[in-house]
Amino acid sequence: MNHRARKRPRRSPAPDKLVFSLLRAAGEVESRLEAALSPSGLSLAKLGLLRVLAEANEPLPLSELAQQQRCVRSNITQIVDRLEKDGLVRRRADADDRRSVRAGLTPAGERAYARGMRALAQAQRAIKSSLKSTDASSLQAALETLAR
Amino acid sequence: MSHNRAIRTRSRNGARRPAADSLVFSFLSAADAVEARLEAALSPTGLSLAKLAVLHFLADAKQALPLSELAARQHCVRSNITQLVDRLEQDGLVRRRADLDDRRSVLAELTPAGRQAHAKAVGALAGAQRAIVRALEAGEATSLQNALGALSS
C-alpha cells in the first residue's frame, strides 16, 4: 500500500473542486434514494407528501400541503394527481370551506408510506456505511456550517 | 466538464424531503444551501447555474455546437435545452445558426456578449465557492472531502 498517497492533504482542497464534488455527490445520493424508492412506485417527492399526511393524521388542504412542502401549488396538484391515480391519496371537499379541497391518505397510502420509509431507511444505512471511516462529528459540523 | 454534470443532476424541485433528521438528509440540505448560494451569487449577472452550464460548454468547445449535443452533455431533455437556449438568445448571449453539414440540425454559439457574461459569471462563482469553503474549519473541510471521496467511489 502506498502510504504517502493515503496521507491527508495538508492544504485545503481547491474551492471549486470541493463545492462541485459536493453537488455531484448530493446528486448521486439523491439518485440512490430515488432508486431505492422506485420499486415501491414512489419518489422522494411523493413520499415527502405521504409523510406530511401521515404525520398530520387527518386530511389537509392542498394549500397547506404546498406550504409545508415549500413548493408551488401547481406542483402539489400534480403530485396529488399521481398519488390519487395510484390509489394512495383521496381528495375530498372541505366541509368547512367549500372552495378548498383536502387530501387524505387511503389505507393503501398508509401501507405505501410505511414501505417507502423502510426502503429509505435501508438506503440511508447503506450510504452511511460507506462513510464509516469519516469522522462523523466533524462531517456533521461541516454540513451544518454549509447549511447556514 | 464535470461540474456541469453536477449542476444538471441535482433535482431542483425544492420539495421538502421525507426525512430531515439523518446524516444523509443533512448532506442533501447542505448541498441545497450551497446550490442556493451559488445561484444567488450568479443572479446579479443575470445567469443561473443552468444557463452558465450552457455557456460553459460553448466556451469550452470554442465552436458552435448542435442543440442535440448540448442536451446530451447537460443530461437533459431536448425541450429543456431549447428553452434555455431561447432565453440565452433573448439575452443576446447565444446565437442560433443553421448547420451547413446537416440541414436538419441547428447550432448554438456564443456571442461576444455571451463570452463576456461567461467570464464574469465564472468570476462570481469562484468568489462564492471560496467564501463557502472559507467558512469551514480545516478539520471540517478534511472530513467533508473524505466523505465526498467515499461517496463517489
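Biologist: Leaving aside neighbours within four places in sequence, which residues is B:Val34 in contact with?

Modeller: This is a predicted model. Leaving aside its neighbours within four places in sequence, B:Val34 is in contact with A:Val19, A:Leu22, A:Leu23 and A:Leu146 of chain A, and with B:Ile132 of chain B.

Now the core. B:Val34 is among the residues with the most contacts inside the largest nonpolar core, which has 51 residues. A:Leu22, B:Ala31, B:Leu42 and B:Val54 are listed with it. Chain A gives two or more residues to this core from each of helix H2 (15–37) and helix H7 (136–147). In chain B, the elements that do so are helix H2 (23–42), helix H3 (49–61), helix H5 (78–90), E3, H6 and helix H7 (138–152). H2(B) supplies the largest share, 9 residues. Apart from this core lies another, of 22 residues, including A:Ile76 and A:Tyr113.

B:Ile132 is buried in H6(B), as are B:Leu125, B:Ala128 and B:Val133, among others. Helix H6 of chain B runs over residues 112–134. Its 23 residues reach 33 Å from first C-alpha to last, close to the 33 Å expected.

Then E3(B), another contributor to the core. E3 spans residues 106–110 and pairs with E2(B) in the antiparallel sense over 5 bridges. B:Val106 is the bridge partner of B:Ala98. The open sheet has 3 strands, in the order E1-E3-E2. E1 (65–66) and E2 (94–98) each have a single partner strand, so one side of each is left without a neighbour in the sheet.

Terms used
Residues numbered from 1 in each chain as written. Chains lettered and ligands numbered in written order. Predicted model: local features only at pLDDT ≥ 70, side-chain atom pairs only at ≥ 80, totals over all residues. Pairing = 2+ DSSP bridges. Helix = DSSP H or I, 4+ residues; strand = E, 2+ residues; numbered from the N terminus. Expected span 1.5 Å × (residues − 1). Buried ≥ 20, exposed ≤ 12 C-beta atoms within 10 Å, placed from the backbone. Core = buried A, V, L, I, M, F, W, Y, C linked by C-beta atoms within 7 Å. Contact = placed C-beta atoms within 7 Å.
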